[in-house]
Amino acid sequence: MIDVIWQPEFQQATFRCLVDAYSRPGQINVLPVSNSHSAIAVLATLVDGESSLSDPHQLLDNSDWLRLQIKSAAPEQAAFIVCEGSRAVDFEPNLGTLASPEHGATLVLTLDALSGGDSHYQLTGPGIQHAIQIAPQGLNKSWFTRRRHWNSAFPLGVDLLLTSAEGILALPRTTLIKEID
Amino acid sequence: MSNGINFAFLDEYAKREIRRSVIKAICIPGYQVPYSSREMPMGRGFGTGGLQLTLALIGADDTLKVIDQGSDDSVNAVNLRKFIEMTCPGIDTTTRLQEATLIQSRHRIPEQPLRADQILVLQVPYPDALVIVEPSEDKRKIMHGEADYSRLLVKLYEDIVKFDEITISHRYPTRINGHYIIDPSPIPRYDVPRLNHSEALILFGAGREKKIYAVPPHCLAEPLAFDDVPFRIEDFTDSHGERRACKLCGSKTSFLDEFIDEQGARVYQCSDSDYCEQQQELAHG
């Protein structure tokens, strides 16, 4: 039985969740129900043979690659990179160019949970009325440290998406993240 | 719809490309993301950019409102609405703003405030505010990246020198999140302040020019102006210094259209027909 994430109706609903998530950084959006991990549902919604994907931690199996109809690329070149959020960063993603900042990569991180973590962060920026707090569980701290460096020269940068079984949480390049004690 | 045509007309590959462009447009507020803009069964310039955004967003549980210059009944709105109803079986359409989840509009932002659960799609004829000062797109892309808008400010300054006034009536250049300046589509000046810290996401689609851009919710949107020449909206006061009212609903706060009636007199009426009707319903209980 093929999972619903490969159906157009599911992908349309997932896209609306993604639009809402990126419009309101820090907010946890629940995806429509499926048997697959949220990260694969997101990729099924956004990518095809016209895009490129890197999977340095081998999170996708062969049938996922076939259904996505996408070619593998090195993390330095890929438009989409899917990673385990608990592992440390060990690559430099594409940040785009001044004339074409949309080439900056989309990083899809898989996590145990989007809330209930030990470290708390305060978010401000477009899409956030005043400020919002997040506490993703099991996120390796190197992601936010490297992100600050990658996103230091707007409009260049990367856009993050944290995913878990419960849903998705987006961190576009415009979101300012501050760790709070 | 007969067999062989996909839900929402576009094929799934076209939708995925628009999805990727929309996400990047939200992540880089005000930046014009290029996309391939598919051929639609209507001429470019008839709202195909907005239409492709709507078709990529819409699902069977959506309620759609389509507006043309504030009116749900003018020809562009009617034709787009019919096409979307035909190709998206199961969706609902409405003229009441409060019932809509998705709103496609040409040249107006609805009079009443938008909610966080609504998305506004604006049709855009000319997406680049810099085109009046720089003909080369390559150079404009660098200028946008560097947020170099000095030549646009000179153009506004020249207006003030010649006419004592910035003469842009619509498509007023607006800076988003302190960086990119957008052409907010031919909305009147009256609508520009409502881009600032909007509750709803606002998406812009230019089909002929193949660009998608966005103003996210709760995002700074400032019309370009000078410290000593502030931005101002249209002036609806009459010769006695009174704010003109809509002849149908009596509203003294709405954006007004000017008509010449059968006796040759000038009359004023709300541009947003849905708002005007709701005001009349309130008045008549």
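**Domains, interface and strand pairing**

Tutor: In this predicted model, chain B is divided into domain 1 (12-223) and domain 2 (235-285), and the C-alpha centres of domain 1 of chain B and domain 2 of chain B lie 26 Å apart.

Student: How many residues does the contact take from domain 1 of chain B and from domain 2 of chain B?

Tutor: Domain 1 of chain B gives 15 residues and domain 2 of chain B gives eleven residues, where contact means heavy atoms within 4.5 Å. The two domains of chain B bury about 1,100 Å² between them, with carbon and sulfur atoms providing 40% of it.

Student: Why is the meeting of B:E281 and B:R96 called a salt bridge?

Tutor: The distance from N to O between the side chains of B:E281 and B:R96 is 3.3 Å; the rule asks for a side-chain nitrogen of Lys or Arg within 4 Å of a carboxyl oxygen of Asp or Glu, so the pair B:E281 and B:R96 qualifies. Across the interface of domain 1 of chain B and domain 2 of chain B, the rule finds two salt bridges. On the side of domain 1 of chain B that touches domain 2 of chain B, the residues divide into four nonpolar, six polar and five charged. The count of residue pairs in polar contact between these two domains of chain B is nine, with both residues at pLDDT 80 or more.

Student: Turning to the two chains, how much area is buried between chain B and chain A?

Tutor: About 3,200 Å² is buried between chain B and chain A, and carbon and sulfur atoms give 60% of that area. In chain B, the residues that lose the most area to chain A are B:R19, B:R20 and B:K24, which together make up 20% of what that side buries. The contact takes 38 residues from chain B and 38 residues from chain A.

Student: What makes B:D62 and A:R16 a salt bridge?

Tutor: The closest N and O atoms of B:D62 and A:R16 are 2.7 Å apart, and because the cut-off is 4 Å, the pair B:D62 and A:R16 meets the rule. Across the interface of chain B and chain A the rule finds four salt bridges, and it also finds 20 residue pairs in polar contact, both residues being at pLDDT 80 or more.

Student: Which element of chain B gives the most to the side that touches chain A?

Tutor: Helix 1 of chain B does, with ten residues. By class, that side of chain B has 23 nonpolar, six polar and nine charged residues.

Student: Why are strand 1 and strand 3 of chain B called edge strands?

Tutor: Seven strands of chain B form an open sheet in the order 1-9-8-5-4-2-3, with mixed pairing. In that sheet, strand 1 and strand 3 (92-93) of chain B each pair on one side only.

Definitions and conventions:
Residues are numbered from 1 along each chain as its sequence is written. Chains are lettered from A and ligands numbered from 1 in the order in which they are written. This is a predicted model: local features need pLDDT of at least 70, side-chain atom pairs count only at pLDDT 80 or more; totals for chains, interfaces and linings use all residues. Side-chain values use heavy atoms; hydrogens and water are left out. Buried area is the accessible area (1.4 Å probe) that two parts lose on being put together, summed over both. A polar contact is a pair of N or O atoms within 3.5 Å; within protein, one must be able to donate a hydrogen and the other to accept it, and residues adjacent in sequence count only if both atoms are side-chain atoms. Helices (H or I, at least four residues) and strands (E, at least two) are DSSP runs, numbered from the N terminus. Ala, Val, Leu, Ile, Met, Phe, Trp, Tyr, Cys and Pro count as nonpolar, Asp, Glu, Lys and Arg as charged, and the others, Gly among them, as polar. Two strands pair if DSSP finds at least two bridges between them. Domain bounds come from an automatic or database domain assignment.
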